[in-house]
Amino acid sequence: MSAGARWSRAQRWSHQLSGAAILAALVGAIVMNRLVSDQGLRFMLYQVHKTLGIVALVLVLWRIGVRMRMPLPTPIRPAWQNSLSVATHRLLYVLIFIIPLTGWAMISASPLKIPTRIFGLVPLPDILPTSLPLYLALLKAHAWLGWALGAVLVLHITGALAHVRDGTFASIWRAPRPPV
Amino acid sequence: MDRCFYKALNGPAFGLVLLMAGTGPLRAEPGVLSATITPANTRIGFTINGIGWPQTRGVFDAFKGRLRVDFAHPAKSFVSVDIRAASVDAGGASITSYIKSSAMLDVAQHPAMNFRSTSVRRTSAHSVALTGLLSFFGATHPVTFTVRVLSKPGQRPLAFVATGAIQRSAFGFISGQPLISDTARITIASRGRGL
């Protein structure tokens with residue numbers, strides 16, 4: 001992606017918004033599972049995490065739609081970094097789509113039957129019947145995929161920071177300058 | 001220990017004690033402590049284990065009961081407690097409302113819980129086994145509590161901790177199983193005003 005070709009407004013906004021929801025859900029998952037011991041706060045953070053996950057899923061669907069309709073900026077150089085970038089992005093798209101889905105599936109299958117309300121209001125329907133083995137398998141998958149996403153995000157952010165000078169980093173954050 | 005209590009209760013403080021207890025007919029029964037169990041002197045809590053979640057703890061904030069301790073004849077002692085199920089508090093609005101909901105305790109459907117003792121048996125100088133009927137979630141089953149008396153013989157106020165466990169399935173309260181354990185432990189700690 002050279003400085004000349006930039007992402008569209010919709011692409012930038014969908015990246016920023018879905019990224020914020022994904023990061024909040026990811027960091028929240030670590031906080032609620034590893035750092036918080038108060039059961040009331042912990043339970044509440046799980047509910048917030050569920051809302052963040054569904055918000056992320058909606059934003060990711062929008063983002064994928066936008067991405068498919070709009071052209072890509074020109075490739076970065078060298079070529080091997082471009083290949084790595086393409087692979088990383090594909091993996092990211094897969095992960096940010098299936099992680100919220102496994103989360104939704106797992107709370108649907110859970111024998112705990114904790115009602116999920118998006119923003120504390122909108123009830124979220126179950127997409128699977130109650131099943132303990134299914135729940136335990138999905139819980140494991142959700143957690144491992146989360147760690148995988150963290151690792152791929154490190155790669156993504158490292159790549160972005162390595163391409164500050166050529167304007168790639170700025171291209172997703174700022175609107176293109178009008179042609180002179 | 002009984003003897004000391006007996007002496008203490010026969011002393012001038014006895015009438016005052018019954019006034020403090022403030023229960024029913026103030027009939028001077030030597031060696032007998034009658035008291036009201038309220039949140040002011042008693043804490044009723046539960047703990048329950050689960051998979052993938054640390055032990056859950058909670059308390060009930062609204063209850064009332066009567067306690068009659070016959071120090072000379074422990075078998076004649078009696079306890080009854082009525083608990084309002086909706087007063088459950090698990091230390092957070094979100095988790096508490098889940099516990100009250102139809103997915104868990106279903107307090108709208110089962111608003112009251114109560115315990116009536118049926119037998120009291122001394123097990124050591126400082127403990128008794130208290131058996132009674134627990135009504136909860138629409139079922140009634142016997143539960144035995146181990147009561148440890150913490151206060152020194154003859155000293156007031158009386159302080160004790162009662163611990164017991166129920167198998168939830170016996171009451172038909174199987175919500176969340178097997179992720180949430182079948183065994184729920186109950187701890188009742190009393191000390192202070194009126195005891």
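The model is a predicted one. Chain A is built from five helices and two strands, whereas an open sheet of eleven strands with antiparallel pairing is found in chain B. Between them, chain A and chain B bury about 1300 Å², and the count of salt bridges between the two chains is zero.

**Chain A: architecture and surface**

- Read from the N terminus on, the elements of chain A follow the pattern α-α-α-β-β-α-α, which accounts for its five helices and two strands.
- Chain A has 180 residues, of which 38% count as buried, and its accessible surface comes to about 10600 Å², with 73% of that surface belonging to carbon and sulfur atoms.
- Ser8(A) sits in the segment before helix H1 (9-35) of chain A, and Ser8(A) counts as partly exposed because its relative accessibility is 22%, while the cut-off for a buried residue is under 20%.
- Although Ser8(A) and Pro73(A) are 65 residues apart in sequence, their C-alpha atoms are 9.2 Å apart in space.

**Chain B: the sheet**

- The strand order of the open sheet in chain B is S1-S4-S5-S7-S8-S9-S10-S11-S2-S3-S6, and the pairing is antiparallel.
- Strand S1 (32-37) and strand S6 (88-89) of chain B stand at the edges of this sheet with a single partner strand each, so one side of each strand is left without a neighbour in the sheet.
- Strand S1(B) runs antiparallel to strand S4 (residues 63-70) of chain B, to which it is joined by six bridges; within this pairing, Ile37(B) has Gly65(B) in S4(B) as its bridge partner.
- Six of the six residues of S1(B) are buried, so this strand is largely enclosed by the rest of the structure.
- The burial of S1(B) applies to both of its faces, with Val32(B), Ser34(B) and Thr36(B) buried on one side and Leu33(B), Ala35(B) and Ile37(B) buried on the other.
- Elsewhere in the sheet, strand S9 (residues 139-149) and strand S10 (residues 160-167) of chain B pair in the antiparallel sense over four bridges, and Val147(B) has Ala162(B) in S10(B) as its bridge partner.

**The interface between chain A and chain B**

- The contact draws on 17 residues from chain A and 17 residues from chain B, and of the area of about 1300 Å² that the two chains bury between them, 67% is on carbon and sulfur atoms.
- Three residues of chain A, namely Gln39(A), Phe43(A) and Leu112(A), supply 48% of the area that chain A buries against chain B, which is more than any other three residues supply.
- Three residue pairs in polar contact are found across the interface of chain A and chain B, with both residues at pLDDT 80 or more, whereas the count of salt bridges between these chains is zero.
- On the side of chain A that touches chain B, the elements giving two or more residues are helix H2 (39-69) and helix H4 (132-162) of chain A, and H2(A) gives the most, with seven residues.

**Salt bridges within the chains**

- Over all chains, the structure holds two salt bridges.
- One of them is formed by Lys113(A) with Asp126(A), whose closest N and O atoms are 3.5 Å apart.
- This pair links distant parts of the chain, since Lys113(A) is in the loop between helix H3 (79-109) and strand S1 (117-118) of chain A and Asp126(A) is in the loop between strand S2 (122-123) and H4 of chain A, 13 residues apart.
- Both partners in chain A are partly exposed, Lys113(A) with a relative accessible area of 34% and Asp126(A) at 47% relative accessibility.
- In chain B, the side chains of Arg116(B) and Asp82(B) meet in a salt bridge at 3.3 Å, N to O.
- The pair in chain B likewise links distant parts of the chain, with Arg116(B) in strand S7 (residues 112-124) and Asp82(B) in strand S5 (residues 78-84), 34 residues apart.
- Arg116(B) is partly exposed, with a relative accessible area of 32%, and Asp82(B) also counts as partly exposed, at 36% relative accessibility.

Technical notes
Residues numbered from 1 in each chain as written. Chains lettered and ligands numbered in written order. Predicted model: local features only at pLDDT ≥ 70, side-chain atom pairs only at ≥ 80, totals over all residues. Heavy atoms only, no water. Buried < 20%, exposed > 50% of the residue type's maximum accessible area, 1.4 Å probe, protein only. Pairing = 2+ DSSP bridges. Areas by Shrake-Rupley, 256 points an atom, 1.4 Å probe, with all protein chains shown as cover. Contact = heavy atoms within 4.5 Å. Buried area = accessible area lost by both parts, 1.4 Å probe. Salt bridge = Lys/Arg side-chain N within 4 Å of Asp/Glu carboxyl O. Polar contact = N/O pair within 3.5 Å; in protein donor to acceptor, adjacent residues only side chain to side chain.
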